[in-house]
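User: Hi! I've got a structure open and I'm new to this. Could you walk me through it?

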Amino acid sequence: MKRVGWVTHHLMDGRTGDGLLPGTVGGAEMTDAAMIAAAPEGVEVTLIPSGDWRDALEFDRIVVTGTDLLDAEAMLTLAEREPVVWVHHQQEFHPARQRLFENAKPFVTMSALHAKAERKTFGVISQWCHGAFDPDVVKPAERKNRVALWAARDHPQKGRVNARLWAFNNGMPLVEVTNQPHETVLYEMSQAHTFVFLPAALDACPRTLIEAELAGCEIVTNSLAGRRDEGPIRQILSEQIRKFWVWVG
Amino acid sequence: MKPAIQWWSNYPYAPTGYGTQTRAVVDRLAAQGFPVSISANYGQQAVVADYVTPDGHTVPVFPQGYDGYSQDIIFGHYVEWKRRNDGAPTVLVTLFDAWVLKNARLEQCDAIVSWMPIDHMPITAEVLKWAQRGNVAPVAMSKYGLGQLEKQGVEATYIPHTIEPVFRKTTGHRDILDVPDGAFLVMMNAANKGVSPTRKAWSENLMALSVFMDKHDDVFVYIHTETQCPAGIDLMALVNGLGMDKKRIIWPNQYEYRIGGYSDSHLAKMYSRADVFLAVSMGEGFGIPTVEAQACGTRVIGSNWTATPELLADDSFLVTGQPEWDPAQLSFWFRPHIASIVEALEQSYNAGGGTSRQAIEKADEYRADKVIPRWFDLLQAVT
């Protein structure tokens, strides 16, 4: 049994205090949870909150998916263990963080766009992984409603006003979903004709864009949103899980 | 439910493009029942005063700040207006150059609709950065500006500036200026603001006029502006330097001009009397006077750059020029060719002045009552 210590602050039980309503989780939390759930047989994953990072040193392999709450000592110490480092959003430069990324085996971002951004900041080339998705988690409704959907956290960077302007320009009613359970978001995606996501800052690889595509929505987005790799979506998504766990080893 | 609107721009009676557009839209927003206030960045100091629209609606005007662009107080006024509307969704509408909007707390506004001039080619980095903000809905005032935003992947919409019904061809005012009956009258109407660069291309325009006037002794010029202004250049010195015939150059009464004493109806008579309107510049976000002049049946000479070409009727005149780097805004202005301005003046002279129906039809595209209703749906859509 391979024991993997998973160091993160993206915790599904609401311990992040990330401004989310109870019962809701953000993309980073879902990304971690979904990948852990897809761990192959023979791999045992233990979640380790960032504050308890030293516990990870006891494990066969270390995965780090949240660096925001790690201090320099933590990053430098973990770097020595050559962990898998999988970052879910654009990182702020810090010399200790750069060391961690340089030593990671491998350093993983979320998309080609995200990889380009981190390379610019840290000078480190990364692999990328969009996350684990169940391609059957949502299906298009038999008859879609001629509405546009915006679904995200209510943060200015998530482009809520941009979406409203797009809907105004295109004469389409806009349905807005924020701080709602994942099931609600998926339902609205299944019903909506168009999914609008026009972020104001780089968004590494929004889960919502992949889910909206699975839900049969037309996607309206911009160059700041990381996209999945080109190719048949089911094939691409299954490849994400396979390659991640190969990296973990 | 209509959102509350706080309109950040010039005082509505300021004799500026921003002032006239503020008045045009705010009057109609108030008439539609939008709770609207004005946050003045020019023209109102010290106290909150009331502006009363022609329909009798009272619109509070919040005073400008100490900072040159009122950035010290812009957010405070927004918060106060939101409070006065019981915390209702509140839209901040900005009508001004976007690059001055530096108050970091503007990120907290529910929504910002920025009616933005784009007068360089390409769009400047600072203006683009503002347009890309998550709570900003950019409204281009020209199709040129919309194209620049869309080229950068920015979701934006287009609403042009407008003119009021007072701007229409009038007759019987040949003696409004003291010029001989058969004189060919060139009119200019431009703010004398800006030293380096002088966006209104005073030296190029006046040098071209100097050449034109030397050739035709029946040419007179009316220049509706301040001859000397701390924020502008000494136009009398330029006229003297060019050796222009001062007897054939007419200026407005400087005191009346300074206190905003020239009404729109008076301007309409001037435009109607003019044989051509000279409006060449280094760049325009829109160019309200070019539309006003055309509404009065007068052809226009303008720069073939940024917003101007789309505003001009086919029988007006576009002048050539070359790009010139603006080191302050880090993009390109337009340096008009003097010879091209002279050529356009000659063409207009040979066309003989008179009333252009094409100009009037073109200007009709920008009538306030036709265009301004777009604001009603937009402001509701963004909140």
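This is a predicted model: local features need pLDDT of at least 70, side-chain atom pairs count only at pLDDT 80 or more; totals for chains, interfaces and linings use all residues.

User: In what order do the strands of the open sheet in chain B come?

Analyst: The six strands of this open sheet run in the order β11-β10-β9-β12-β13-β14 (chain B), and the pairing is parallel. Two strands count as paired if DSSP finds at least two bridges between them. Helices (H or I, at least four residues) and strands (E, at least two) are DSSP runs, numbered from the N terminus. Residues are numbered from 1 along each chain as its sequence is written, chains are lettered from A and ligands numbered from 1 in the order in which they are written, and side-chain values use heavy atoms, with hydrogens and water left out.

User: Ok! Which strands are at the edges of that sheet?

Analyst: The edge strands are β11 (249-250) and β14 (317-319) of chain B, each pairing on one side only.

User: And what packs on the sheet?

Analyst: Helix α11 (residues 338-351) of chain B does, touching β9, β10, β12 (276-279), β13 (300-303) and β14 of chain B. Contact here means heavy atoms within 4.5 Å. The direction of α11 makes about 165° with that of β14(B). Axes are lines fitted to C-alpha atoms, for helices over the stretch in contact, and angles run from 0 to 180 degrees between N-to-C directions.

User: How many bridges join β9 and β10 of chain B?

Analyst: Six bridges, in the parallel sense, between β9 (residues 184-189) and β10 (residues 219-224) of chain B. For F184(B), the bridge partner in β10(B) is V219(B).

User: Switching to chain A, what is the strand order in its open sheet?

Analyst: Its four strands have the order β8-β7-β9-β10 (chain A), with parallel pairing. At the edges are β8 (174-177) and β10 (218-221) of chain A, and each pairs on one side only. On average, neighbouring strands of this sheet are turned by 25° against each other, direction ignored. Strand β7 (residues 145-151) of chain A pairs with β8(A) over four bridges, and A151(A) has V177(A) as its bridge partner in β8(A).

User: Which strands does helix α6 of chain A lie across?

Analyst: Helix α6 (residues 182-191) lies across β7, β8 and β9 (192-197) of chain A, and runs at about 120° to β9(A).

User: How much area do the two chains bury between them?

Analyst: Chain B and chain A bury about 1300 Å², with 63% of it on carbon and sulfur atoms. Buried area is the accessible area (1.4 Å probe) that two parts lose on being put together, summed over both. The contact takes 20 residues from chain B and 13 residues from chain A.

User: How many salt bridges are there between the chains?

Analyst: Zero between chain B and chain A. A salt bridge is a side-chain nitrogen of Lys or Arg within 4 Å of a carboxyl oxygen of Asp or Glu. Over all chains, a search of the whole structure finds 31 salt bridges. One of them joins E80(A) and R99(A), with the closest N and O atoms 3.7 Å apart. E80(A) lies in the loop between α2 (72-79) and β4 (84-86) of chain A and R99(A) in helix α3 (residues 95-103) of chain A, so the pair ties together parts that are 19 residues apart in sequence.

User: Last topic, where are the cis peptide bonds you can show me?

Analyst: One joins K105(A) and P106(A), with omega about -5°; P106(A) sits in the loop between α3 and β5 (107-109) of chain A. Another runs from M121(B) to P122(B), with omega near -5°. P122(B) is in the loop between β6 (111-116) and α3 (125-131) of chain B.
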